[in-house]
Amino acid sequence: MNGRADFREPNAEVPRPIPHIGPDYIPTEEERRVFAECNDESFWFRSVPLAATSMLITQGLISKGILSSHPKYGSIPKLIFACIMGYFAGKLSYVKTCQEKFKKLENSPLGEALRSGQARRSSPPGHYYQKSKYDSNVSGQSSFVTSPAADNIEMLPHYEPIPFSSSMNESAPTGITDHIVQVKVNKYGDTWDE
């Protein structure tokens with residue numbers, strides 16, 4: 001024995017550090033395949049149908065007189081705008097599905113980052129989002145954990161609501177006062193603070 005006590009359990013799982021995914025990250029071959037699959041599926045199954053539907057609805061509204069057509073270009077500008085909005089709405093609507101595909105990848109740093117990001121978002125605000133296995137018996141209290149991944153612990157901001165008074169102007173919260181400097185002016189134009 002070296003004089004130090006080891007308080008870890010024999011079967012304790014050491015948390016892996018959260019991978020850093022930055023602009024210089026190079027995706028793996030499997031991640032590239034999922035990127036291409038997400039791009040194709042979001043285009044054919046979301047963007048094209050939403051763009052076509054939005055164009056048909058826009059043309060219907062123009063033909064019924066609800067929307068006016070341009071005097072020189074007709075309905076073309078509004079149809080192009082509807083197509084572009086439908087395209088981007090389709091791409092954005094597929095983001096969650098694509099994230100789930102990445103989370104299912106086993107040996108993917110990007111998938112690991114998405115999985116750990118989900119764990120961070122599920123913790124309540126104002127608490128540390130990385131919990132120790134020893135914190136499960138303490139309810140409602142947050143603690144600081146010293147671990148190999150202690151660099152990744154961040155404190156989320158905790159905001160308290162500021163009470164308002166109905167007797168005051170509602171745009172100014174109670175308890176906050178401005179220091180008003182009174183300046184006196186004599187008949188000669190000289191000023192001084194009080």
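The model is predicted, so local features need pLDDT of at least 70 and side-chain atom pairs count only at pLDDT 80 or more, whereas totals for chains, interfaces and linings use all residues. Residues are numbered from 1 along each chain as its sequence is written, and side-chain values use heavy atoms, with hydrogens and water left out.

**Overall fold**

- The secondary structure of the chain comes to 4 helices and 2 strands, where helices (H or I, at least four residues) and strands (E, at least two) are DSSP runs numbered from the N terminus.
- Read from the N terminus on, the elements follow the order α-α-α-α-β-β.
- Of the 194 residues in the chain, 21% are buried, where buried means under 20% relative accessible area, exposed over 50%, and partly exposed in between (1.4 Å probe, protein chains only).
- Among contacts (heavy atoms within 4.5 Å) in the chain between residues at least 6 apart in sequence, 54% join residues at least 24 apart.

**Disulfide**

- The structure holds 1 disulfide, a term that here stands for a pair of cysteine sulfur atoms within 2.5 Å.
- The disulfide is formed by Cys-38 and Cys-98, whose sulfur atoms lie 2.2 Å apart, and the link is right-handed, with 105 degrees about the S-S bond.
- Because Cys-38 lies in helix α1 (residues 29–63) and Cys-98 in helix α3 (residues 95–103), the pair ties together parts that are 60 residues apart in sequence.
- Both Cys-38 and Cys-98 are buried, while Cys-83 is partly exposed, with a relative accessible area of 28%.

**Salt bridges**

- The structure holds 6 salt bridges, each being a side-chain nitrogen of Lys or Arg within 4 Å of a carboxyl oxygen of Asp or Glu.
- One of them joins Arg-33 to Glu-37, with the closest N and O atoms 3.2 Å apart, and these two residues, 4 apart in helix α1, are separated by about one helical turn.
- Arg-33 is partly exposed at a relative accessible area of 45%, and Glu-37 is likewise partly exposed at 28%.
- Glu-37 also meets Lys-101 in a salt bridge (2.7 Å, N to O), and this pair links distant parts of the chain, with Glu-37 in helix α1 and Lys-101 in helix α3, 64 residues apart.
- In helix α4 (residues 109–121), Arg-115 and Glu-112 lie 3 residues apart, about one turn of the helix, and they form a salt bridge whose closest N and O atoms are 3.2 Å apart.
- Arg-115 is partly exposed, with a relative accessible area of 28%, and Glu-112 is partly exposed as well, at 21%.
- Elsewhere, salt bridges that share partners join Arg-33, Glu-37, Glu-41 and Lys-101 into one network.

**Packing of α1 and α2**

- Helices α1 and α2 (residues 76–93) pack at an angle of about 145 degrees with their axes 7 Å apart, where axes are lines fitted to C-alpha atoms, for helices over the stretch in contact, and angles run from 0 to 180 degrees between N-to-C directions.
- The crossing of α1 and α2 is right-handed; a crossing is left-handed if the near helix is turned anticlockwise from the far one by less than a right angle, and right-handed if clockwise.
- Residues that meet across this packing include Phe-43, Leu-50 and Met-55 in α1 and Leu-79, Cys-83 and Tyr-87 in α2.
- By class, the contact of α1 with α2 has 10 nonpolar, 9 polar and 3 charged residues, with Ala, Val, Leu, Ile, Met, Phe, Trp, Tyr, Cys and Pro counted as nonpolar, Asp, Glu, Lys and Arg as charged, and the others, Gly among them, as polar.
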